[in-house]
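Me: I would like to learn how to read a few features of a protein model, one at a time. Could we begin with how the secondary structure elements are assigned?

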Amino acid sequence: PTPDSELPHAEMTSVFEPVSLATLPPDIVRTIVRSVGQPMDNMRLIAPVWNTTVVEYLADRRNQPRLLEVHFHTGGPEKSKDVVVKALLSRNRHYQGRFRGWTAAGMGDFMQSPTLSLRMAERDDVIQPLFFLLFIAVTTMAAIRIHFILSIVIVAYVFAIMIYLFVRVRPADREHRDSLAHIFSRFCIIETLFLHKIDRRTLDIVRETLGDVPITNLVIEDEKCDRGLRNKIVAMAQVHKCQKIIVCSEKCDDKHLVEFFQKATAIADEVEIYESGANGDEFFGKKREDWEKRVRAMSDASFSVLLGNGAPLRTIPGLHSLRFLIRKQEGA
């Protein structure tokens, strides 16, 4: 055959070249990835363009799955540095692989961590080593009558060890913190975060592990709603862009309440305060009539304060009666 007779055949071959997933244009691949969503591990194996597109998709936090609920429980009075965490997934078992070392709980949608130690050593942990070091130092100085300057060096050395014991973080504690932080960074939002009577210092560590993941509803259960706790709540609401705040406590410090209401409603749309274990007519140890007088003077142009009707809170165990309902004013 002549070259002229072969030309049409060559053109037909180029026109009807077969198309595969690996040869799709990047814009088509991007559309498919966004439409299908997760899980997408197998997509990364198709071709380099698919892997790049998937990586870009996952880098955007908005494309990550949701955590419906997260519960932090303390290890108890004698284990205030320990926590147990439960997370409710969005009914997709694919994401359970992100919780390594955790176990399925409930109907399988909850994942529960083992007991995790998060806190640094404290006074109770180091009191015996400190006494031992001081005893060695004093005994040594008395036995050999060392030089004054050298004795200062030894005392400084002892104090340096004391400081180290107070601020040290065990490798296991750091590993637990980093693991929790990594988990929360792989979800786009926590719908509701429950903090059940977490020790205040442990609460600071928990806040670090949460990073900046958005939290729609923040529920905190504590013994006393004082100014210190309220400042932590406002700080959390600001970082996590909370829309609703719920506080349950047995006692409530009524000082600086208006300040808390102003700061909280500047961020969240609604704040609810419940009294735990209460079954009488008094609101945190005071008569309703006394609170009615104060509440009338609390509201301003940015928020309104209403006395609760004692409605129970059913999202956490125990008796919790609604005492205050604070709402942001429209347009505020």
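Reply: Helices (H or I, at least four residues) and strands (E, at least two) are DSSP runs, numbered from the N terminus. This is a predicted model, in which local features need pLDDT of at least 70 and side-chain atom pairs count only at pLDDT 80 or more, while totals for chains, interfaces and linings use all residues. Residues are numbered from 1 along each chain as its sequence is written, and side-chain values use heavy atoms, with hydrogens and water left out. The chain has 10 helices and 11 strands, and His-240 has its place in helix α8, residues 227-240.

Me: Is His-240 buried or exposed?

Reply: Buried means under 20% relative accessible area, exposed over 50%, and partly exposed in between, with a 1.4 Å probe and protein chains only. His-240 has a relative accessibility of 2%, and therefore counts as buried. Over the chain, 40% of the 332 residues count as buried.

Me: Which residues does His-240 touch, leaving aside those up to four places away in sequence?

Reply: Contact means heavy atoms within 4.5 Å. By that criterion His-240 touches Leu-210, Gly-211, Asp-212, Val-213, Pro-214 and Ile-215. Leu-210 is 30 residues from His-240 in sequence, and their C-alpha atoms are 8.9 Å apart. A polar atom of the His-240 side chain also lies 2.7 Å from the backbone oxygen of Val-213; a polar contact is a pair of N or O atoms within 3.5 Å, where within protein one must be able to donate a hydrogen and the other to accept it, and residues adjacent in sequence count only if both atoms are side-chain atoms.

Me: Which residues are buried in α3, and how should I read their arrangement?

Reply: An α-helix has 3.6 residues a turn, so residues three or four places apart point the same way. In α3 the buried residues are Trp-50, Thr-53, Val-54 and Tyr-57. Seen down the axis of α3, these buried residues fall within an arc of 100° (taken over the directions from the helix axis to the C-beta atoms), so they line one face of the helix. Pro-48 and Ala-59, on the other side of α3, are exposed, and what covers the buried residues includes α2 (26-36).

Me: How many disulfides does the structure hold?

Reply: A disulfide is a pair of cysteine sulfur atoms within 2.5 Å, and the structure holds 0 of them. Cys-248 is in no disulfide, the nearest cysteine sulfur being that of Cys-225, 10.0 Å away. With 0% relative accessibility, Cys-248 counts as buried.
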